[in-house]
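Me: I would like to learn how to read a structure of this kind, feature by feature. Could you take me through it, giving the general idea before each case?

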Amino acid sequence: MRRITLRSITAWIISLALALSLAAGGAAAGQSASGGDASISISKKAKKKKAKRKRAKKAARKKAAKKRAKKRRKAAKRHAKRRAERRKKPRPKVVILSADQSALTGEGVKVRVAANKKMRVKVKVKSTSFDEGETTISARKVVRFNRKKKRVVTMPLTDAAKTAASTCASRTIAATGKTKGNVSTSSADMERTLPACALPPVNLSKPECDFIAQPKEGLCMLPFPNDYYTKADASSPTGKRINFTSGGMPKNVGGTPISPAGFKTSDGFSQGQGILLKVPGIDTAADVAANDMVPLDHLGRYEEADQRVIVIDADTGKRWPIWAQIDSNAGDQNKAALMISPSQNFKPKGHYIVALRNLTNGSGGALTPPSAFRYYRDDLPSDQAEVNARRDHYEGLFDTLKGAGVKRSELYLTWDFTVASDENNYERALSMRDDAFADIGATTMGDKVVQGDAPAFTITNPTAGGLNGNIARHIKGTYTVPCFLTNGCQPGGVFDLDANGKPTRNGDYQAKFECIVPPVGVTGPNPPKLRPMVFGHGLLGTAGQVTGSIGPNLAQDHSMISCATDEIGMASEDLPSVAGALTDLSNFAVVPDRLQQGLVNELFLARLMYHPDGLGTDTNFQYMGDSVIRTDHVYYLGASQGAIMGGPLTALSPDFTQSALVVGGMNYSNLLNRSTDWPAYGVLFEGSYPDELSQPLALNLIQMLWDRGEPNGYAHRMTDNPPPNTPKHRVNLIVAVGDHQVSNFTSDIEARTAGFVTNAGGINDQRWPNYDDLWNVPRLKPGDYPYTGSTIAYYDTGPFRTNPADLGGDNIGTGTPPIPNLAPTSLWEDPHGAPRGAAGPVEMINTFFDPNGYINDLCGGEACIGSGWDGDFNAVIPPH
C-alpha cells in the first residue's frame, strides 16, 4: 500500500488548483470571440500608423546622421589640407635651358629655377668629361623666393671651364639646386657649335687605306703597323691574319705595287717592327728634340710621365720601351717619316697601342690632329657608317689609355697593332728541319742524343796546307740535304706551301762544304781530338771564308776543326736574286725562303761533323787511321753575317747548344741604313722606290717576311725557351764598339730581347759620354764568374786618335755610332773585324766551347779593350 505523506498531499492540492483555473479561462475566451470583432480592427490600423511614423523618424535620423558625417569629413579634409600646407617642405626645381658651346664660353649656363614656396635655392653647375670626371665649373649662386615662382639665372663659367668648354671634347653639363636638404638636378650634353667642331666628311674614297690619318698624311698604310690591315682568323695563334691589299702597298718606279700575297699567312706584324707615320710639323731632328721624345742614347726616358710618344702594352697597361727619331735619310723634310722603334722586341702575340699626345712644331705651336681621328677622340657625330662602325673599337683604346694615365683630350693620334706569334716565324723552318732529320732517322731532337744516320757526303777536293800556318788540310765536298725550294734549291727558288702553310719537299740538294784541319790535330804521336765547329761566313760570302777570319787561329790554338757551307739566301751566288728583289719587292721571298733552306743546310752540316758515321769516317779527316774529330759535342761560330744568321740557327739547333756570335745583331729594317754595307745595295732599292716616305715603309714591310730567316723573329726562342723538340741554348755575343757594318744598337736590342747579361765594365763612360750604354742589360758581378749563361761583351779598339806609329800620317780608331739612322763616317776605321783576332774574344770562345762552357772576367770589371789600344785617351783627337 502506497504511503501518504505531507509532500504528496501538497502536490495534489496544487495540481487541482491549476486545473480549475484553466477551465475558467477557457470559458471567458469563448465569450470574447463571439462579440468583439470591431474593436480588434481599429487597434491594427493604429498600430500601422504608429509603426510608419516610427520608421519615418528613424530614416530622418539616419539621413541627418549621414549629412553630419559628410560635413565632418569635408571639414577633416580641409583641416588635413591646411595641416599639410603648414608641414610642406620647400622643394626647388632646376632645368638647364641651353648647353650651347658658344653660350658656355660666353655669358655662361642659363638655368631655370622654380620654387614651391618661400625659400633660398643654392645653384651650382658642374661638368663631366671622359678625362676630367665631375668638375665644378661655376661659382655657387643663391636664388631667393618670397613665394612660389620661377626664375631664369645665368651661371658664368670659370676661366678654366671656359677653356675646357672651348674644345670639342664630349662633355655633359649638370645643374644642381639645393635648399634645406632637398635637391633638384638637370643635365644636358654640351652642344658643340664652335666652327672648330664642325669637321668635314672623312675621305673614304680609298677603302684599302686606313682613313684615320687620311688624307692629311698623304701616304696609304701610314700609320704602320696597324690592325686596320688585319682580319679576324680564329685559327691563327693571334686570332688575326694580315690583310694587305695591292691598292695600299708602296709602288716602285714602274708603278708596280708590292704584292700582298706573301703576307697573307702572317698572323701579325714583326716582333721588332718599326712604327712609322708622317706628322706634318715634325719634319726634322730639331722638331723631334723640341717635343722631347725618347732619344736613342737615353732609352730609360720612355717612362717619363709627360712623354709625348708612348707605346702601351694593351694586355698589361704598361709602357713598352721605345725611342723616336726622324728619318735622317730623307732629303725632303716633307717626306721624312717619324720613326718609333722598340728598344726590346715586342712580345709574341702582343697587342700594343701607339699614342702621340700634345705634339707641337719646332717653335712650340700645337699641332692639330687629323680630322678623321677627331671624330673618335672628341666623340663628334658623323653621318658616315664607315666612321661610326669603328667607334666601339676606339672607345676600347681610350679606356686602356686612360688606365695608363693618358688623357684622351691630349691625343694627336692613336691606333693599335698585333704582333706575330713565335710560331709564325719559326714554323716553316722547324717543319723543314723535322722533315729533313726524319729522313736520316732522327725524330727526337730535344734530348741532345744523336739518332739515326749521318747525312751522305762526298769529298771533292782535298788540299794539304799551303793557305796559312794554321791550316794543315783544306777539304772541300758536298753533302745531301732535303730540298724544300722550287728549282732544285738554286738561287731564286721559293717555297711551295702545302694546305697547312708548310714548305713541301722537292727532292734533294747537294750543299757545298769546306773544312780546315789545323796542324795541332794531325801532328805528333798523340795529337788532341779536335772540337767540331760550324763556321758562318760574312755578308754575301761563301764557305771559303772558313780559311780566314777567326777560324784558323781558334782552330790551331784551341784544338778545333772548322767547317762551313754557303749560307744560301745571302751567299755570293744569291747576289743577282737579292739585287732583283730590291728593285721589285714583290719578289723578296727569294731571300727569306732561301735563308731558311740555308738553316737546314747548316744544321745538317753540324750533324755531319760530329756524328760517329760522319766526316770522321773519311781518311781526309783522320790521322794515323783514326778520326781527328771529337764526337761528344759540336759548336757554332758565326762572324758578321754568320753571327746574324747564327740567331735563328741556334734557336733551331738540335746539336750545338753553345754559339759564339762575333759582331752580330738583328733586324735588317733597322740595321741597313746604319751600315756602311748598305749604299752599294741601297742605290738599287732607292732607285726603284724613289718616294722617300715609302722607303722606310717598304723596308718595314719586308721585315715581316725576313723574320722567318733572321734573328729578329727568333730572339725570344734563342736560349731558354726553344721551339718544340729542341734543346735550350747558350749564346756568347761579342761586339765591336762603333762597328760600321752591324750597328751596336741592333746588337743591344738582341741582347735585351734574348735575355743576355754583360760584364760590369760595359763601355767606358769617357769613350761614349752622355750615353746609357747597354741600357737594361744586367751587369755581372765578380762573384758571378765563371759564368755559364748567355752574354754580350763589347770590345773597344779605341777612339779616333793619332797613329802612334805615324804610318803615313794616318789616324786610327773609330767614333761611336751615330744616333741618327745613318752609317758611320768612312773617315774612321771600321772595327768590324777587330774582335775576331783579339786575344780576349778568342779566349772567351775557347772556354765557352765546352759541354760545360763558361766565360771568365777577362776585363777585370772594366770595359773590355781590343788589341791595339791601351785605354789611353790622351791621344784622342776630334773626329772630322
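**Reading a predicted model**

Reply: Let us begin with the surroundings of one residue, bearing in mind that this is a predicted model. Leaving out residues up to four places away in sequence, Arg-241 touches Tyr-229, Thr-230, Lys-231, Asp-233, Ser-235, Ser-236, Lys-264, Thr-265, Ser-266 and Asp-267.

Me: Where in the chain is Arg-241 placed, and is Arg-241 buried or exposed?

Reply: Arg-241 belongs to strand S10, which covers residues 240–242. Buried means under 20% relative accessible area, and Arg-241 counts as buried because its relative accessibility is 18%.

Me: Which polar contact does the side chain of Arg-241 make with another side chain, and which backbone oxygen lies 2.6 Å from a polar atom of the Arg-241 side chain?

Reply: The side-chain partner is Asp-233, with which the side chain of Arg-241 makes a polar contact at 2.9 Å. The backbone oxygen is that of Thr-265.

Me: How should I think about nonpolar residues, and how many residues has the largest nonpolar core?

Reply: In soluble globular proteins, nonpolar side chains tend to be buried together. Here the largest nonpolar core has 171 residues, and Phe-244 and Leu-356 are those with the most contacts inside it. Helix H12 gives the most to this core, contributing twelve residues. Another core, of 29 residues, lies apart from it and has Ala-639, Ala-736, Phe-849 and Cys-859 among its members.

Me: How do I read the packing of two helices, taking H9 and H12 as the case, and at roughly what angle do their axes cross?

Reply: One looks at the approach of the axes, then at the handedness, and then at the residues that make the contact. The axes of H9 (residues 422–439) and H12 (residues 590–610) come within 10 Å and cross at roughly 40°, and H9 passes H12 in a right-handed crossing. From H9 the contact is made by Arg-428, Ala-429, Met-432, Arg-433, Ala-436 and Phe-437, while H12 supplies Asp-593, Gln-596, Gln-597, Leu-599, Val-600, Leu-603, Phe-604 and Arg-607.

Me: How many residues of helix H17 are buried, and what covers them?

Reply: Eleven of the eleven residues of H17 (residues 744–754) are buried, so that the helix is mostly covered. What covers these buried residues includes strand S13 (322–326), strand S14 (338–342), strand S25 (658–662), helix H14 (668–671), strand S26 (730–736) and strand S28 (791–796). After H17 comes Gly-755, whose phi is positive, near 85°.

Me: Where does Leu-359 lie, and what does it touch, not counting residues up to four places away in sequence?

Reply: Leu-359 lies in the loop between strand S15 (351–357) and helix H6 (371–377), and it counts as buried because its relative accessibility is 3%. With those neighbours left out, Leu-359 touches Val-279, Ile-282, Asn-291, Met-293, Arg-308, Gly-365, Ala-366, Leu-367 and Tyr-412. Leu-359 and Met-293 are 66 residues apart in sequence, and their C-alpha atoms are 10.0 Å apart in space.

Conventions
Residues numbered from 1 in each chain as written. Predicted model: local features only at pLDDT ≥ 70, side-chain atom pairs only at ≥ 80, totals over all residues. Heavy atoms only, no water. Axes fitted to C-alpha atoms, helices over the stretch in contact; angles between N-to-C directions. Helix = DSSP H or I, 4+ residues; strand = E, 2+ residues; numbered from the N terminus. Left-handed = near helix turned anticlockwise from the far one by under 90°. Contact = heavy atoms within 4.5 Å. Core = buried A, V, L, I, M, F, W, Y, C linked by side-chain atoms within 4.5 Å. Buried < 20%, exposed > 50% of the residue type's maximum accessible area, 1.4 Å probe, protein only. Polar contact = N/O pair within 3.5 Å; in protein donor to acceptor, adjacent residues only side chain to side chain.
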